Amino acid sequence: MARQLRFGLTPGSLPRLLYVLWDLILQIIPSSLNKEDELVWLLDKSGTFTTKSGYANSRLELHPPGLDDFPWKKCIWNINTAPKLRHFLWRAKSGALPVGSLLQSRGMQADPRCKRCGALETPLHLLLSCPFAVQVWQETPALFKPTADSISSLSELLLSNTKMINLPPTGLASTPLYPWLYWHLWKSRNLFIFEDKAWTASEVALKAIHDARVWEKASRASHYVKIKLLIFFSPFFFSFLVVRNSSRDS
Ligand SMILES: [Zn+2]
């Protein structure tokens with residue numbers, strides 16, 4: 001009912017809405033405590049607004065369950081990459097990246113145009129269709145790269161990225177390269193706007209490949225450390241089990 005009131009209420013629709021909801025309204029049992037009416041926040045047990053419940057509600061508004069068939073796990077949360085990059089992709093997909101179009105939609109006095117080419121700056125423009133991003137993609141050694149003429153949304157872009165294959169010059173085995181490309185496109189955009197520093201497209205691609213390699217090496221090393229610790233401690237663990245079982249038997 002609250003949802004209907006929130007989304008269907010206009011001065012013209014009010015009588016019709018009241019007629020439709022008449023039976024429900026009659027079922028409301030007024031409080032016997034004779035208290036004054038007050039406004040309450042229904043999404044928290046306390047009745048008062050909390051940032052936690054407000055955030056949870058805003059997430060539901062952005063991604064209503066059952067209505068959004070974007071595979072968040074496959075395209076973002078399960079990607080083998082650094083957590084900060086997964087978070088960055090989530091921000092981009094959720095429309096939370098402060099690019100020109102977002103600032104404009106929030107009524108901020110900022111130039112919504114891309115500082116490199118003058119087109120409206122959207123996340124898709126920044127990561128794929130800006131002539132600078134096109135150059136970065138050309139410098140990227142990979143198969144099945146996305147192209148601006150075949151992709152029309154960020155969902156399509158992130159889905160198509162899962163099919164990309166790194167080519168040997170990258171030296172990457174299991175780490176996808178595109179999250180690092182997007183990260184460095186974003187960093188180079190901020191450096192260009194706020195510090196007037198201009199990286200070339202080759203520099204962006206090389207920095208992305210370099211960071212992806214470093215991360216893959218570090219993550220492999222930490223994986224080996226975990227296996228070594230497991231091998232080292234497993235005899236102690238099993239002997240502890242044997243001692244426990246034998247003490248129970250006796
Ligand atoms: Zn541009």
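Which residues of H10 are buried? I will start there and then go through the rest of the chain. What we have is a predicted model, in which local features need pLDDT of at least 70 and side-chain atom pairs count only at pLDDT 80 or more, while totals for chains, interfaces and linings use all residues. Residues are numbered from 1 along each chain as its sequence is written.

In H10, the buried residues are Leu 154, Leu 157, Leu 158 and Asn 161. By buried I mean that 20 or more other C-beta atoms lie within 10 Å of the residue's own; exposed means 12 or fewer, partly exposed is in between, and C-beta atoms are placed from the backbone. The arc is taken over the directions from the helix axis to the C-beta atoms. As a reminder, an α-helix has 3.6 residues a turn, so residues three or four places apart point the same way. The cover over the buried residues of H10 includes H5, H6, H8 and H11.

Now the overall layout. The chain has twelve helices and two strands, where helices (H or I, at least four residues) and strands (E, at least two) are DSSP runs numbered from the N terminus. Read from the N terminus, the order is α-α-α-α-α-α-α-α-α-β-α-β-α-α. Of the 250 residues, 20% count as buried. Among contacts with a separation of 6 or more, 49% are between residues 24 or more positions apart. A contact here means two C-beta atoms, placed from the backbone, within 7 Å.

Next, helix H6, residues 83-93. Its buried residues are Leu 85, Leu 89, Ala 92 and Lys 93. They fall on the same side of H6, since their arc around the axis is only 95 degrees. Pro 83, Lys 84 and His 87 are exposed on the other side of H6. Helix H5 (72-77), helix H8 (123-129), H10 and H11 are among the elements that cover the buried residues of H6. Just after H6, Gly 95 has a positive phi of about 75 degrees.

How do H6 and H11 pack, and at what angle? Two packed helices are described by the angle between their axes and the distance between the axes. For H6 and H11 the angle is about 70 degrees and the axes are 10 Å apart. The axes are lines fitted to C-alpha atoms, for helices over the stretch in contact, and angles run from 0 to 180 degrees between N-to-C directions. H6 is therefore roughly perpendicular to H11. The scheme counts angles under 35 degrees as roughly parallel, over 145 as roughly antiparallel, 65 to 115 as roughly perpendicular and the rest as oblique. On the H6 side, the residues that meet H11 are Leu 85, Phe 88 and Leu 89, and their partners in H11 are Pro 179, Trp 180, Tyr 182, Trp 183 and Trp 186. By class, this contact has eight nonpolar, no polar and no charged residues. In that classification Ala, Val, Leu, Ile, Met, Phe, Trp, Tyr, Cys and Pro are nonpolar, Asp, Glu, Lys and Arg are charged, and the others, Gly among them, are polar.

On to H9 and H12. In helix H9, residues 131-138, Phe 132, Ala 133, Val 136 and Trp 137 are buried. Their arc of only 140 degrees around the axis puts them on the same side of H9. Ala 201 is in helix H12, residues 201-249. Setting aside neighbours within four places in sequence, Ala 201 is in contact with Phe 132, Gln 135, Val 136 and Glu 139. Ala 201 and Gln 135 are 66 residues apart in sequence, with 5.8 Å from C-alpha to C-alpha.

Is Ala 201 buried or partly exposed? Ala 201 is partly exposed, because 19 other C-beta atoms lie within 10 Å. Ala 205, also placed in helix H12, counts as buried because it has 24 C-beta neighbours inside 10 Å. Outside four places in sequence, Ala 205 is in contact with Val 136, Glu 139, Thr 140 and Leu 181.

Last, two backbone points. Phe 144 is not a glycine, yet has a positive phi of about 60 degrees. Phe 144 sits in the loop between strand S1 (142-143) and helix H10 (154-161), and counts as exposed because it has 10 C-beta neighbours inside 10 Å. Asp 196 also has a positive phi, near 60 degrees, and lies in the loop between helix H11 (178-194) and H12.
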